[in-house]
Amino acid sequence: MDKILLIDDDEGLIHFLSRFFQRKGYAVTACATGRQAIETIGRQDFDLILLDYKMPELNGLDTLSEIRGIAVKTPVILMTAYGTTNLAIEAMKRGAYDYLVKPFEKKDLTGIVSEALQVSRQMKQIVRFPAASADQQQPADSRDSLQMIGSSRQMQEIYKLIGQVAEKDVSVLITGESGTGKELAARAIYHHSQRKEKPFIAVNCAAIPESLFESELFGHERGAFTGAERTYIGKFERCHKGTLFLDEIGEMSPPLQAKLLRALQTGEIERLGSGQPITVDVRIIAATNKDLEAEVRAGRFREDLYWRLKVISLDLPALRQRKHDIAELAQYFLARFATEYDRPGCYISESALRKLKDYHWPGNVRELENCVRRAVLLCTGGVISEGSLMIPNADADAPPQNMNREQLIDRLKEKLEEILPDIFRISEQDIHANIIEIVEETLIRKALEECGNNQVKAAEMLGISRNTLRHRIKKQTQKENQEPEGE
């Protein structure tokens, strides 16, 4: 249950807000003065604080400054009857999440509180990853902490890179297919960064209509456009000194890309309807499932913004490229959902685990997570069998039809990685020569089959001359003729 602290000397407003939030399922504590609130915050944690500006002894801004020293990750919303621009700017400078001008509408209150509580959860929900070295410090445990899972070579490299870049105050571009855990990686970087005590706000660039996007990022003044009934603090301003995660950055339109670039270059933004620049200090972590270099070549993404975002690049592997991690991920999700849905003793059968490992997972880790969640809910007798998994029974080795060339090559690498440990185990020498020879023989045979034994077309497909192809075919034929027949 989320806990809200109300700080106001108006008994009528406190009574109204307490009943309003309690009906929505929140736990509410009220204080009449700033001093009383500071003492209360020193004794217990809250998920959100609503603070009045005009109070006796200690006003709202001074109370806010003291709160920031003891509850750094708790969003504070300032309530005031004085909706001036200077007050708003000063409140944001001192670390307010947002402010509400009295009297406010219930829908405005509900919207701001709901969003602030989501941000509060994101900041307090630690994302942990296996440290790459003994000196790397992990954050202290937090309620509902999450974990990056996987001991494969690919994930070990990801953990190492996160550990190296987290404390470097630079932009990071995270790439990878949908469902690979890009936001989880972004939050892990945040939790291990020098800005971990400041705000973390995630923005899904694909989910916001283009007409509202500039306002969402940079804010607007009251009356800036039709429907702008109050001043709105944008994500950049709310995230001052913190980390802003721009997910699906590839969906941003070129005009907005230009405005984002300017904000990153100058460290200043302007709310819509205002000519007053506001200084912001924000670390950007961006993510995309698109090939941004291809988008730059096609003229859909600004090259200067691309290089501004890609100071450090983090490429998350698809799940099919790290099948070694599937069992570990499945057990992690099983433990989580067995607790969540009160299914103690639930376990995955060996045949079900094999089926999980054989599937190609086009939806990556997110698809696996949903698969295990469903299986925990539907399993009978505490055993998750093959039938509980509800994944396709088609040939698991058949790649999805929409795979591109790069994805198919990745699949080939994945298959080689699966069999190479066994080859190393049984071979003592000449491994390199043997594998190269086998691959070449297979390539030539398959190319000839595809081209109806037309050597000119096969040579062109393979990217070699016809004479080279004929020489290698002759060499293979001689080898086959020299091999002793089986008894």
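Which residues line the largest cavity? Let's start there, and keep in mind that what we have on screen is a predicted model.

The residues lining that cavity are Tyr99, Leu100, Val101, Arg230 and Thr231. If you go looking for others, the structure holds 1 cavity of 30 Å³ or more. The space inside the largest cavity comes to about 40 Å³.

Now let's look at some backbone geometry. Strand β5 covers residues 98-101, and Pro103 sits in the loop that joins β5 to α5. Please find the peptide bond that runs from Lys102 to Pro103: this bond is cis, and its omega is near -10°. For anyone new to these angles, most peptide bonds are trans, and most residues other than glycine have a negative phi.

That brings me to Glu57. Glu57 is not a glycine, yet its phi is positive, at about 65°. You can find Glu57 in the loop between β3, residues 48-52, and α3, residues 60-70.

Next, let's turn to charge. On the surface, Arg19, Arg23, Lys24 and Lys106 come together as a patch of positive charge. One of these, Lys106, belongs to helix α5, which spans residues 106-124.

Let me pick one to show you: the side chains of Asp281 and Arg195 form a salt bridge, with 2.7 Å from N to O. Asp281 lies in the loop between β12 (278-279) and β13 (283-288), while Arg195 lies in the loop between α7 (182-191) and β9 (200-204), so this pair ties together parts that are 86 residues apart in sequence.

How values were computed:
Residues are numbered from 1 along each chain as its sequence is written. This is a predicted model: local features need pLDDT of at least 70, side-chain atom pairs count only at pLDDT 80 or more; totals for chains, interfaces and linings use all residues. Side-chain values use heavy atoms; hydrogens and water are left out. Patches are made of residues with over 30% relative accessible area and no salt bridge: like charges are joined within 9 Å, nonpolar side chains (Val, Leu, Ile, Met, Phe, Trp, Tyr) within 5 Å. Accessible areas come from the Shrake-Rupley method with a 1.4 Å probe; for residues, only the protein chains shown count as cover. A salt bridge is a side-chain nitrogen of Lys or Arg within 4 Å of a carboxyl oxygen of Asp or Glu. Lys and Arg count as positive and Asp and Glu as negative; His and the chain ends are not counted. The place of a charge is taken as NZ of Lys, CZ of Arg, CG of Asp or CD of Glu. Helices (H or I, at least four residues) and strands (E, at least two) are DSSP runs, numbered from the N terminus. On a 1 Å grid over the protein atoms alone, a cavity is a set of points where a 1.4 Å probe fits but cannot get out, and a pocket is an open set with protein on both sides within 12 Å along at least five of seven lines; lining residues have an atom within 4 Å of a point. Grid points are joined across faces, edges and corners, and a volume is the space filled by probe spheres set on the points.
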